[in-house]
Amino acid sequence: MGIVSWIVLGLIAGAIAKILLPGRDPGGLIVTTLIGIAGSFVGGWLSSTFLHRPVGKDFFDAATWGSAIVGSFVLLVAYRLLFGNSRR
């Protein structure tokens, strides 16, 4: 998959992570979208490095989608823990 595919996957994975973790985000829509993109890269890297599961070359690979969604979810939770109370 190319870089554009990872960005599109990150946008979709970020939206799915946001649906799984509803509520008000400290950074709004743009920051949540960027976290989704970063989460897809992190999830893909962790999957290939630690789970010895190489990232598929197909866009519709279930393991690729799963790692991107989990990576986005983890980064979104970490972002809320670090910056969740700063807007009050």
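A crossing of two helices is left-handed if the near helix is turned anticlockwise from the far one by less than a right angle, and right-handed if it is turned clockwise. The crossing of helix 1 and helix 3 in this protein is right-handed.

## Basis of the model

The structure is a predicted model, in which local features need pLDDT of at least 70, side-chain atom pairs count only at pLDDT 80 or more, and totals for chains, interfaces and linings use all residues. Residues are numbered from 1 along each chain as its sequence is written, and side-chain values use heavy atoms, with hydrogens and water left out.

## Overall make-up

The protein has three helices and zero strands. Here helices (H or I, at least four residues) and strands (E, at least two) are DSSP runs, numbered from the N terminus. Read from the N terminus on, the order of elements is α-α-α.

Of the 88 residues, 34% count as buried. Buried means under 20% relative accessible area, exposed means over 50%, and partly exposed lies in between (1.4 Å probe, protein chains only). The accessible surface of the protein comes to about 5,500 Å², and 72% of that surface belongs to carbon and sulfur atoms. These areas come from the Shrake-Rupley method with a 1.4 Å probe; for residues, only the protein chains shown count as cover.

A contact means heavy atoms within 4.5 Å. Among the contacts with a separation of 6 or more, 81% are between residues 24 or more positions apart.

## The nonpolar core

A nonpolar core is a set of buried Ala, Val, Leu, Ile, Met, Phe, Trp, Tyr and Cys residues joined through side-chain atoms within 4.5 Å. The largest one in this protein has six residues: Trp6, Leu9, Ala13, Trp65, Ala68 and Ile69. Helix 1 (3-20) and helix 3 (62-83) are the elements that give two or more residues to this core.

Two packed helices are described by the angle between their axes and the distance between the axes. Axes are lines fitted to C-alpha atoms, for helices over the stretch in contact, and angles run from 0 to 180 degrees between N-to-C directions. Angles under 35 degrees count as roughly parallel, over 145 as roughly antiparallel, 65 to 115 as roughly perpendicular and the rest as oblique.

The axes of helix 1 and helix 3 cross at roughly 60 degrees and come within 8 Å. The two helices are therefore oblique to each other. On the helix 1 side, the residues in contact include Trp6, Leu9, Ala13 and Ala17, and on the helix 3 side they include Thr64, Trp65, Ala68, Ile69 and Phe73.

## Residues along this pair

Ala17 lies in helix 1 and counts as buried because its relative accessibility is 1%. Leaving aside residues up to four places away in sequence, Ala17 touches Ile69, Ser72, Phe73 and Leu76. The C-alpha atoms of Ala17 and Phe73 are 4.9 Å apart, although the two residues are 56 apart in sequence.

Ile19 also has its place in helix 1, but at 66% relative accessibility Ile19 counts as exposed. Thr64 is found in helix 3 and is buried, at 2% relative accessibility. The C-alpha atoms of Thr64 and Trp6 are separated by 9.8 Å, and these residues are 58 apart along the chain.

## Helix 2 and its partners

The axes of helix 2 (residues 28-50) and helix 3 come within 6 Å and cross at roughly 125 degrees. That makes helix 2 oblique to helix 3. Their crossing is right-handed. The contact includes Val31, Ile35, Val42 and Ser47 in helix 2, and Ser67, Gly71, Leu75 and Tyr79 in helix 3.

Helix 1 and helix 2 pack at an angle of about 115 degrees, with their axes 7 Å apart. Helix 1 and helix 2 are therefore roughly perpendicular to each other. Helix 1 passes helix 2 in a right-handed crossing. Among the residues that make the contact are Ile3, Ile7 and Lys18 of helix 1, and Thr32, Ile37 and Phe41 of helix 2.

Thr32 is placed in helix 2 and counts as buried, at 10% relative accessibility. Not counting residues up to four places away in sequence, Thr32 touches Lys18, Asp25 and Leu76.
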